Amino acid sequence: MLIPGPDTRVIEIRVHGILGTQPADLVDAVAAVDVAGDGAGRIVRPADRLHRPAPGAVLRADGRPLARTLEGYVWGALTSGGWAKAIWALLFPFSLANVSSWMLPPVAAGSRVASTLGVCCRGLLRLAAVLLTVLLVTQLAEVSLDLLAAQCLAPGNRCLGGTVPEWLRERAGVRAAIGVVPLLLVVLVLAKVSHVNWTAGSDEPEPRAARKLGRLPGANRIADPDAPALRTLHLTAALAAVGVLALGGPAGPVPGALAGLGWTVAVVLLVVSVVGALVFGDPTGSRPERLGRWLLAALSPVSRRVLLTLGVLVVASVPLATPRLAFALPGTNAMLTVVTVALGGACVALGVLLVPAALLARSGWAALPAELRPWAGGWMAAPFMTLAALLGGGFGAGVGITVRQVLGGVPLALPHGYAFVTLLWGVAAALGVVALVVVALVLGVRRVVLGARVPPEVTLLHAGRPADAAAAASAWRLAGWERRHVHHAVLVVTGVLAIGAMVSAAPWLGGSLPPAWTHPLSGFGLVALAFLAAGLLREVYAAARAPQAARHLGALSDLACFWPREAHPVVPPCYALKVVPELAARAAEYLAEPNTRVVIAGHSQGTVITVAAATRLLAGLSPSEAQRVGIVLAGSPLQSCYPRAFPAVVPHDGLLELYHDLNGRWRTLARGTDPIGGGLTTWRRQVFDGKLIGVGFRTDGTSGALSPAVAGPTGALVLGGDHWLPDPQRGPFPGRRWAPGVQHHGDYFSDPEWDRAIACAAGMESPVELSHRPALFRLPGAS
């Protein structure tokens, strides 16, 4: 441990969580001013009355004052606000598909079978992702070309209240052009979204060592290497799908030489795109010899432009190739059926292959307790991809049904399969209602049987404060239940949708209509789909007009945009590729001064960014410089969510390695009332003989039993690296801002334990010493 000198100062850099934070709130000041950054990623400090940067509040360590410079990194502008970013919410199924590619289980080293399964799973994910793009564009083409151009604008039809002139209805080419233009605009929007990228604006320290958390976005990478080629495949597939549907469908082209030529080119482009996505290979870009390297070499900038040009020409030829546009496009039903069946088959194949892949990876987490093991045994990528497919298909069907109702006045035919889509969502909605009722009954019975049990940790934290203990008890129980069952909610939602899909698929594939007894369910599904489409569009509008009004969309966007484009390129850019290198560069700049200690402090999603930045920073520092780095994490999902959902990217032993390297300078603020951020470095916690005990990370690079928790001066219980905060807070304390009531996931900065954790992370106070009992498991090479 370095001994601080008289001129030692602490640099505290805070990183906020999802939904953005006002700069002044981040630095806990009345006002804040920018001191660095480019406007998108802002570094701010507290401001005085003349709007000049001011230092942070004095930090007290071991009873003496210490100079502190307080900064905050504001990254909310990278993910929220404005029409362009609001449109990203419409692409949420694409984002789910992309996130699922990061949820695959790790590949066991030296296992050829595991490596082959990993390549196959990644290939199937990319295949399903491109089919999801094709499904969405096909559904929009059904609305624009079939429902509007072919049916609503047909000669003699009184659709749109007779406001359309008859001369326009008589010109099939003009009607076809009206149907094609919106589709070209949609593809253009997809292209624009996929071209947006964030780039780091600061030089970064050169990594000197590989680390187990190096796959975290931004920790090692600065770009999406395969995104341009994958983008071309998706956009080409979208254009080709429009051409195939408009020129006859899977069964063959409509009469005409131009139609036959365009249909043939479209089919070839679609096959090339789908097969290319399947063999694209390792999405991490970590293996130069990976399968599909020839495809990457072939998809040069010139080749990509040729593919996209051919796709645009095929779509542009539709008005010329369909001089006698029929009252309904003949290939709509067949096209939607083929794409839906192919997408469903890819999801099923992925689920099947993930079973042995997860079993082979099980040795990596078999020694961990159940609460730390990956969700669904490492199989979670399949439910996420399936959920993306079902949501994408449901949203497209909802748009078609809603547009038909808006056009109104005359009977307009939707594809045959839409009757089964409404049945799917009807069954799923009914099962969802049943599931909610069952859960409510179980919770109610449990509460009656067990009573209003006060967790023993609450009794310790709020000793002598019965009012606070009563307020904390119910919040503590509810938060613990949410942390334990968040993945179960995803599995239940996916399960009820999948059951609905199986129930509706049987008669559909048999070529018959849904039986009469399912009509009430279809009606229920129709309402659910209309609500889904209308609700999502309303949220997008609200997010564009007032970003804070659509907080749920903002939260989903912030979480999904953390991951680079790997399985699906038509998603918002990864902000971590900008934020993490800039944070590491800012910290390295301060570490150039030998009298500084740098503490990077994150809240919620900001803790994941903090860990990635610390991983990148330590990989580029000398041992003496690394001793002046610390981190503080508050309300962190790094135990309850990320290692369990992304076991190959955020492995448990990677967190252990980072904890060991920081040698006690990793401090975690945790609340039992926080549904997101409970303990991080400890687990198997229990109260025994009036003391909080547990197992957790130790500074010698091992995991094992810890010394009993010690009560700090602010009422917090310090167990290993976790500071368990009383919530409501103790106090009020003189000279500190007061936050009354149960805080749950918010306002960690006001807690008096915050400054103590900063001092410990800076190496200015000694954290609680860990016991040296036999380790449960040890890092390789640790003594």
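This is a short walk through a few local features of the structure above. Keep in mind that we're looking at a predicted model.

Okay, let's start with a pair of helices. Helix 20 covers residues 605-619 and helix 23 covers residues 652-662, and their axes come within 11 Å and cross at roughly 60°. That angle makes helix 20 oblique to helix 23. The crossing of helix 20 past helix 23 is left-handed. So who's touching whom? On the helix 20 side you've got V611, T615 and L618, and on the helix 23 side L655, L658, D661 and L662. Sort that contact by class and you get 5 nonpolar, 1 polar and 1 charged residues.

Next up, T681. You'll find T681 in the loop between strand 8 (666-670) and strand 9 (682-688). Is T681 buried or exposed? T681 has 0% relative accessibility, so it counts as buried. Leaving out residues up to four places away in sequence, its contacts include Y659, W666, F697 and D722. With D722 there's also a side-chain to side-chain polar contact, at 2.9 Å.

Now for some backbone features. Between D727 and P728 the peptide bond is cis, with omega about 15°. P728 sits in the loop between strand 14 (722-724) and helix 24 (753-761). D747 is in the loop between strand 14 and helix 24 too, and its phi is positive, near 55°, in a residue other than glycine. At 25% relative accessibility, D747 counts as partly exposed.

Last one: D28, in the loop between helix 1 (23-26) and strand 2 (32-37). Phi of D28 is positive as well, near 55°, and with 35% relative accessibility D28 counts as partly exposed.

How values were computed
Residues numbered from 1 in each chain as written. Predicted model: local features only at pLDDT ≥ 70, side-chain atom pairs only at ≥ 80, totals over all residues. Heavy atoms only, no water. Axes fitted to C-alpha atoms, helices over the stretch in contact; angles between N-to-C directions. Helix = DSSP H or I, 4+ residues; strand = E, 2+ residues; numbered from the N terminus. Parallel < 35°, antiparallel > 145°, perpendicular 65-115°, else oblique. Left-handed = near helix turned anticlockwise from the far one by under 90°. Contact = heavy atoms within 4.5 Å. Nonpolar A, V, L, I, M, F, W, Y, C, P; charged D, E, K, R; others polar. Buried < 20%, exposed > 50% of the residue type's maximum accessible area, 1.4 Å probe, protein only. Polar contact = N/O pair within 3.5 Å; in protein donor to acceptor, adjacent residues only side chain to side chain.
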